[in-house]
Every structure is written in structure tokens, then in C-alpha cells.
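Student: I've got a model open and I'd like to learn how to read its features one at a time. Can we walk through it together?

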Amino acid sequence: MNASRTTCWRCASQLCSAQARGPGSGAALFSSLGSTAAATAAASQPESAIDIFNDVVNRAPEVPPSSLAEQEIVLKLKALAEKSSDPLEKMEILETEILPSLNGQGHNLPTNINTAISKFLDQTCDAMTRSGGAEGSLKLSELGTKLDNFDLSWRNRLILNLCHKLVRRVSSRGDTKLHLTELINLWQCISHMKRMSARKHASTYWFTLPTADDILRDVGTRYQANAPPDTQSSPMLRALTSIFLQFTPQEAQAVIPGLLVTLAVILDPQISTQGAQNLAAPLLDRAATVLRQGTLDDAFFSVALNGEHIQFPESRLRELEAYVTKQWPSAMSLLHQKDALWREKLVTASGSGPGAVNSVERVLSLLRQAFAKAKQTSPAILSLWNDVKASAEENQAFAKEMQHSPDFLDEWIFVLCAIRGGTKVQEALDLMQRVHLRPTMRTYTNMMHGWKICKEIDKIEALWAKLVKSGIKLDAFIWTERISSLIEAEPQAGIQALAEMQALWKAAVARNAPHMAVQPSIEVVNAAFKGLITLDRKAAFDVIEWAGREQIKPNVRTYNILIQQSFRNDPPDDIQGILKAMEQQGIQPDEATFTILLEEVLGGISGEAAPKQVAAVQGAFEQMAAAGFRPNPMTYAKMLYAVTDFASGGADEAIAAVLGHMRENRVAITPEIVTILIERAIRTDPKDLDAVRRILQEHGFARIGHGDQTLWERVMSAHAVAGDTAGALAIFDDLALLDRPVTSLPCLRNLLGALIASARMDDASRVVQTVLQHKIKKIEGPGDTRYWKHAFWFMAREHALFRLDDVPLQVRSWMEQRGSARMLG
């Protein structure tokens, strides 16, 4: 690497020519979206926060409906029901000529209108099922939902009709795909019924289902001794109704025949597709939750598909019964398969749905998981967003939590912009208003960051122009986001934006109004430098030189960016020269500097022979020495972690090189270092307990009084997985006597598994009781059910190693529900 690039910050040719501009001239530099540019020019008053976004993403106005008199509506509905025309034509007449008048009358329609509506829907459904025509099934269900008709009986017939058409396989491949989609959309429509979101989302397709925990809790409570006789006669039929908690059990039972046939069809590879299974994933997941509780036999299907209660053509119903009975075993195999491809489309193992999004923390966890896997638009993210909207309408506590967590919707706005969510971003802003929040500068910065990821720079500039025009004060973060976004798309525009920021600051200072502008910092410069260094190396160093002339000095992050990029040049630059320049500038390396050195030096040698691994370790230490960075125990621990991540745990010689360097520098071996070495030793097969003992002896940790809790919990676990159950139990007991009971659930699971495998049930019970007593002492508040969901507790419950009376009251009812649900069937 040329030394001048390291130690000499040269003049910035492009930036030196930039003229200082007045504070109002910056917007003229940039283009914007067509409609936004016109709106910006016309604006004469500062705009509200929502108006700013609306000018970037516009929405169409709504058209008011016409109106009919009540008696006229009833007569039209009766005539329409009796009309012997095509069902689709009848539905079109209902939607265009009658529905607009009904929309203005609210939910409480007169009885005569409701009766006429019910008759029309039922007769139209009958006409469709008699003819075997499937087209329009979803439309009829949507119309019913818009008219507050939530009857599942005729919808069940629509489902059976669609399924029969698929089972007969008389359609073309394209029609089969359409029928599958309509079938799943029909279930999605049903999942919204009787919810506050039903009318609003009647034609929007996603699942709104309870969580697996809610379903199991309901299953447990519905199997009480005082349950109605009809529910006790068919417990699994009754249990399946728990998937549709918005209905009473008697109402939901009407659609269970359709559910059973749907499951068989969707999971039949001869009929269905992977895309259909992915689309139906939430429904499959909830059905699996219930069906794990028991098995269904031929007699069950005979009862469930009884023609007396279904009003579906008998011959076709018997065909479906025969099909489901034959297909059910293979369908259940795929339904319960842990690595089934359709499960990848679930947001989490427990799925989504408004019931799953009852806390901000949980939703953010689900969102981050889904976004980490997203490429372009993500069905999982959009499905979760729909659940958030529905939950915000139905759950006041959740809406209140959103109001007190403004960062929640800001993060959603970032993600929705990043996946090109379009109108979903406007929905997020609308939801902000409903929970009494206003967009802040952070909101707009998140928008820009999202658009930067999906490379929609025109939207960034359109929003920027609106913000400038509005007179809202901009902060350093949004300036940094804009500059870094422009650098990636058009480097010269990004450099000009940086110069504009400095010019605005100087102008404000000259007017004795520094509060009206933002002074550029080295962090803003670093954002530009990081983007430029990979695109135009000369321009990147010109920016640094310009910053120096403006009294903006480089910091350790500036050098870290340079070091990281220098490793990627071919050939790599002189890293030691860069580190020496840092020393000359009086800038101390930080942990990030070391991490970069470590990752870059050791990153590509995992499969290399021992000599190369040793050379890489020594090279990393040399780089640190050149930087004046003295390794500390944490540094050595990171080095060991990196080496033990090599294939086969890294070469012994490389491990010895790290430990030797510690001794040479008189750095004491810490419990963390020994823990790393023990975890490496126990990875071998068969497990090498002698190596564990040697490590403890060699480094002075042969007794429990030496070393920390984490070390000895790992030692206990090592003995358990290596088959030394007695040794593991002895360590557990010794720690308990020292009032240091084992708390790591993974380590406890290994110990408990070893005790059970050795048939030492009394000892296993004692371990569980010890853990319980310690946990109970520490519990405050309502308790955390995640702790009790660990495999350790399921193993203990399965082997009856504790009683429900032993667990804290806060989680007892939860365990009872889980336990009773597992024992059903």
C-alpha cells in the first residue's frame, strides 16, 4: 500500500470547488418523484408529518355509495334469490346495486333484511354445489362477511364443493392451481369472521388465527367434566373447533368437515403444490397442534362427514369420505414432519395471528427473524404486519403498549420500506395516528434507510425535498443516512450533499443562528468514506483530506473502515502501515479494530494444516503489537473462540500458540479460557473426560472452589454427556452445598437425561426439586413462561419428577393447560 494513502490526507478536488450555498438552496440539487416535485413547488405553508409522506406515496379518494329504501332492498334480495341466473351474475347485482345501500346502515340491519340476505346466500350456495361449479366461492363468502353473515354451514358446503372438484382431478393444471388458491383464501376469509377487522379486510387474504398456546389452553378448558354431552361424544371433533376461537364450539363444528377434507387435499402431493402448502402454513400449523393430541380413525370420519348435518350431495360426500380415509395417514405424516418445507413459511413454530402478537417485544422478535430471512418482499413479514393491524384493533392493551413504544412502529416502517411494502408504509403511518403517535425525524430516517436497502433513491430524495420544504429541523442522523444512500447510488451526489451540509452550517453560524443547522461530524464523514472506499478510492481519501481542512479529524472508526477494506484489496495493503499511522495520529485501536484483524487474519484458514494455523495466530498477534494493542484476557478468549471454531476444533499447535503468548505476556488463565478449552475437548467422539481433567489440573482449577459458576456447570455437563453420571451428580451436589446451584437449563437437561438413562429416578427427582426450590426463591412478578418451556421441564414432567403443586402459582395454570392438552385423545 502507498504510504501516502495512510499518512497524507490530500486535497479534495471535487469538494474544494463546491460553492457555499444559502440555507434554502439545497433542495434544488436533487430530483424527485414526478408528482412530488409538483406538489413541492406548489406548497406555500409548512406541512404536517403525515402530509409529507402522502406526497411521496399518494392514495386514491373513496367514492360515496348510493342508497335504496329498506322495503325496496328486501324485495330486490328476494327477487334476486329466486332468479334462475348464473350465481356470479347474481352476486354482481348484489354487490353493485344493493350492497352500497346496506353499507350505510351499520352492523344492526333490520330483521327482514337479514332474513333476505341469509336466504340469498344459502340459495346461491346450493345452486353452486348442485351444479358442481366452484367459481365464485370466495366471492360469495366475502359478500356474506360484508353483510355480517357469519354462518359457517353454507361456507362448509362451498369448501367441500371446491375440495370435491380438486379430488376428482377434472380441471386443467392452471385451474387446479386457481382452485387451491381460492380454497385457501376462503379459509383466510373465515379466519377473519366475527372479528373487528372482518368487514375492513373481507377481501384481504391472510390468516388471523390464535396461537398454539391459546388453542391448547382452550382445548384443555373445553374438556371439563361439565362439558355438554354432544362435545364429550366426539372429543377430537370438539378439539378442532379451538382453531376458530371467535366462534362458539357449536358454531365452529359446522366447518370441521370442510377442514378435514381440506387438510387431506392440501397435503396430497398428487393434487396440491408446495406453493399451496406454504400459503396454508398457518392453518396447517394450528391443525397440527390439535391433531397431536389424539388420532382419528375411520369411524371418526364416518361421524364427521355425516350427510344428515351437512346438506351436501350424498354421493359426492361419500366420495370425499373414502378419499379422506385413504389419504389421511400420509397427510398426517407430512403434517407432523418437523422439517417439512411448508414449516419454513411460518414466522415462528407457533405461527402468527393476532393472538401471537400481543406484545411489542414478541412482535419485534418475530419481525427481526423474518427480515433476516427476507430477500425482496417477504410473505412472512406481510402476514405478521396484517396480524399487528388486526391485533391493534382488537387488543387495547397492545395498542396502548405501541403508544408507549414509538420505536416499534419506526422499526416496522424501516422494514416495510426495505421490502418495497408500498401502501403498507402508509398503513403504518395511519396506525401511528390511531395510537396517537406522530412521525419523528427517526421515523423519516428509518424510511430512508429502508429505501436505501432496496435502492429506491428517488423516494429518498423526494422525501428529503419535502422535509426541507416543510421547515422541519433536520438532525445529524438523517443527514448521515441521506449522504450514505446517495454515495451508494451516485457518489458525486453524496459528496455534494456532504458539502451542502457544511455550507448550511457555516451560513447558520455566520447569521449567529447555529441552532438552525447541523454541524458535520466525523461520523457523517465516515459514512461517506465507507461508501466511497469500495467505489472510488481517490475520492474517499479526498473526502478525508477535505474533512481535515474543515477541522473534522479522523477517529478510530475511520481507521477501522480503512483496515477492513485494505484486507480486501488484491494484494492486501500494508496493514502495519495503517496501524502505525494511527499511532502517529494519537488514535488508540479499540475492540472493533482487534475483531477486524482477527476475522480477516484467521477467517480463511479453518481447513489449513497446523503450521498455517500457527502462522495465522502469530500474524494476528504481530498486527496487534504493531498497533500498540496489548492483548487482555478478553482478547485471548476471542482468539481461542476463533481457533476452536476451525474444523475439528482447531489444531493443538494453534491452541498452544495462543496459550504460549499468554504466558509470555504474563496474562493469567481465566475461567472463561478454561471453559473454552473444555468445550473443545468434549466435542470429540468418544468424549474425552481425561482431557477435561488434565485441562482443569494444568490451569489450577481442579477444585470447585476455583473457577466461576459457568465453568463448573460446563464441567458437570461434560461428565453427563460423557457417561460419567455419578461424577456429574457429585458436581451438582457440591455446587448446591456451596449455595451455587446449577442454573443453566441446557446443562441441567444433560444431567437429567443421563440420570433417567441410568434409571436413577430418585436422584433425578432430587435434581428437579433442587432446581425448583432455587427458582422459586428468585421469582418476582408473574413469571416467565419461556423458562418453563425448556426441554428440561418437559423431560421432568414426562417422567413425573415433580407435582404441579410444586411449581409457582404464576405458571401452574399454564402447565395444567399444556399437560391436559397433551393427554387428550
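Student: Let's start with the cysteines: how many disulfides does the count come to?

Tutor: First the general idea: a disulfide is a covalent bond between the sulfur atoms of two cysteines. Keep in mind that what you have here is a predicted model. With a cut-off of 2.5 Å between cysteine sulfur atoms, the count comes to 0 disulfides.

Student: And is cysteine 189 buried or exposed?

Tutor: The idea is to look at relative accessible area, where anything under 20% is called buried. Cysteine 189 has 3%, so it's buried. Cysteine 747 gets the label buried too, because its relative accessibility is 4%.

Student: What about lysine 424, buried or exposed?

Tutor: Run the number again: lysine 424 has a relative accessible area of 15%, so it counts as buried. You'll find lysine 424 in helix H25, which covers residues 423-434. Leaving out residues up to four places away in sequence, lysine 424 touches Leu382, Trp385, Asn386, Lys389 and Leu416.

Student: Now the rings. How many aromatic pairs does the structure hold?

Tutor: The structure holds 11 aromatic pairs. Take phenylalanine 529 and phenylalanine 541: their ring centres are 5.8 Å apart and the planes sit at 80°, so that pair is edge-to-face. Phenylalanine 529 belongs to helix H30 (residues 522-533) and phenylalanine 541 to helix H31 (residues 537-549), so the pair ties together parts 12 residues apart in sequence. Phenylalanine 529 and phenylalanine 541 are both buried.

Student: Which kind of pair do phenylalanine 621 and tyrosine 636 form?

Tutor: That one is tilted, with 5.7 Å from centre to centre and 50° between the planes. Phenylalanine 621 is in helix H35 (residues 610-626) and tyrosine 636 in helix H36 (residues 633-644), so to speak a link between distant parts of the chain, 15 residues apart. Phenylalanine 621 and tyrosine 636 are buried as well. There's also a cluster, where ring pairs link Phe300, Phe301 and Trp328.

Student: Zooming out, how many helices and strands are there in the protein?

Tutor: The protein has 46 helices and 0 strands. Of its 825 residues, 54% are buried. Among contacts with a separation of 6 or more, 70% come from residues 24 or more positions apart.

Student: And what does the surface look like in numbers?

Tutor: The protein exposes about 37200 Å², and carbon and sulfur atoms supply 52% of that.

Methods: Residues are numbered from 1 along each chain as its sequence is written. This is a predicted model: local features need pLDDT of at least 70, side-chain atom pairs count only at pLDDT 80 or more; totals for chains, interfaces and linings use all residues. Side-chain values use heavy atoms; hydrogens and water are left out. Rings of Phe, Tyr and Trp (its six-membered ring) pair if their centres lie within 6.5 Å; planes under 30 degrees apart count as stacked, over 60 as edge-to-face and the rest as tilted. Helices (H or I, at least four residues) and strands (E, at least two) are DSSP runs, numbered from the N terminus. Buried means under 20% relative accessible area, exposed over 50%, partly exposed in between (1.4 Å probe, protein chains only). Contact means heavy atoms within 4.5 Å. Accessible areas come from the Shrake-Rupley method with a 1.4 Å probe; for residues, only the protein chains shown count as cover.
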